[in-house]
Amino acid sequence: MRRKWFAALLAGALVTAGVTGCGGDSGGSGSGSGSGGDKITLGFSQVGAESGWRTANTKSIQESAASAGIDLKFSDAQGKQENQIKAIRSFIAQRVDVIAFSPVVESGWDTVLKEAKDANIPVILTDRAVDSQDTSLYKTFIGSDFVLEGKKAGEWLVKEYQGKNDPVNIVELQGTPGAAPANDRKAGFADVIKADPKFKVIASQTGQFTRTDGKEVMEAFLKTYPDIDVLYAHNDDMGLGAIEAIEAAGKKPGTDIKIITVDAVRDGMTALAAGKINYIVECSPLLGPQLMDLAKKVKAGEQVPNRVLTEETTFDQEQAKAALPGRKY
């Protein structure tokens, strides 16, 4: 469900996200730097609500803030960098204690991050990195190793076709152009399969990390390329949309076309357990507890690692069946 995001019209005004089912402020009236209290105020700008993964990530952050006693100022950027920049500037004007955000794209953050630094407000990157050369503009980055995720996807594929010499035609559904997970998952996958010439990526196009776009792009792939052996999707939602297109074309997903995705959200794991996906590389959205811990530490002036990795695994079809009953997202 799309959240409506209201940006303040005057400089320094409050930015909140009008969210049906999950509000803009997770805390009370706020008692951070601007109000002189001891309670930490965290301004967080989310990418949007483009996937099941992102919804789970938002829920984890909101619930963890409430549990940790942190006043959360939440903003939904609806996939637009300009909305995130406005939100960050509003957080600066409000004098929040800590700013965290998951960048829509990698580039174009130096100016606003310098504004936060000049205001002595520490910044934490979550889930996605930025490509700034000045790493002093943020305190730490918590998230997955997206290159490694792509490599894990490629390693499964190499093992699956070991000993076979026929060409393997691959189509790729990329994430949002310019986003770190899209760039890195593509690079990691390509790095692994390049050693064997039988693997051929015959088409690679963005599906914007959404189920709808994944379906539409896969429909186009199927019309253009009659001999597709493998689909590599940068997230579960695009893969699930592609499954709809594959079935509509009279083909059997997981058999006629092998499918590799990234995330391991419940819908993806269900499709994996049902044999419609062959392999999923996990990317955990449950970053909330670690983020709140880091927010408290940077507010207290403690040293934190420059890079905090999340612990993740991979799943085949049998492993998905075993994991599903206790799956939290």
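1. Contact here means heavy atoms within 4.5 Å. Helices (H or I, at least four residues) and strands (E, at least two) are DSSP runs, numbered from the N terminus. The model is predicted: local features need pLDDT of at least 70, side-chain atom pairs count only at pLDDT 80 or more, and totals for chains, interfaces and linings use all residues. Residues are numbered from 1 along each chain as its sequence is written, and side-chain values use heavy atoms, with hydrogens and water left out.

2. The protein chain has 10 helices and 14 strands. Of its 329 residues, 53% are buried (under 20% relative accessible area; exposed is over 50% and partly exposed in between, with a 1.4 Å probe and protein chains only). Among contacts in the protein chain with a separation of 6 or more, 74% are between residues 24 or more positions apart.

3. Helix H3 spans residues 110-118, and Val112, Leu113 and Ala116 in H3 are buried. They sit on the same side of H3 because they cover an arc of only 100° around the axis, the arc being that of the directions from the helix axis to the C-beta atoms. An α-helix has 3.6 residues a turn, so residues three or four places apart point the same way. The cover over the buried residues of H3 includes helix H2 (81-94), strand E5 (98-101) and strand E6 (123-126). Thr111 and Asp118 are exposed, on the face of H3 turned away from its buried side. Just after H3, Asn120 has a positive phi of about 60°.

4. In strand E10 (residues 230-233), Val230 and Tyr232 point one way, Leu231 and Ala233 the other way, and all are buried. E10 pairs with strand E8 (residues 168-174) in the parallel sense over four bridges; two strands pair if DSSP finds at least two bridges between them. Ile170 is opposite Val230 in E10. E10 and strand E11 (residues 258-263) run parallel and are joined by three bridges, with Ile259 in E11 as the bridge partner of Leu231. The chain passes from E10 through helix H7 (residues 236-248) to E11 in a right-handed β-α-β crossover, that is, clockwise from the first strand over the helix to the second with the strands pointing away from the viewer.

5. There are six aromatic pairs in the structure. Rings of Phe, Tyr and Trp (its six-membered ring) pair if their centres lie within 6.5 Å; planes under 30 degrees apart count as stacked, over 60 as edge-to-face and the rest as tilted. Tyr161 and Phe199 have ring centres 6.2 Å apart and planes at 85°, so the pair is edge-to-face. Both residues are buried.
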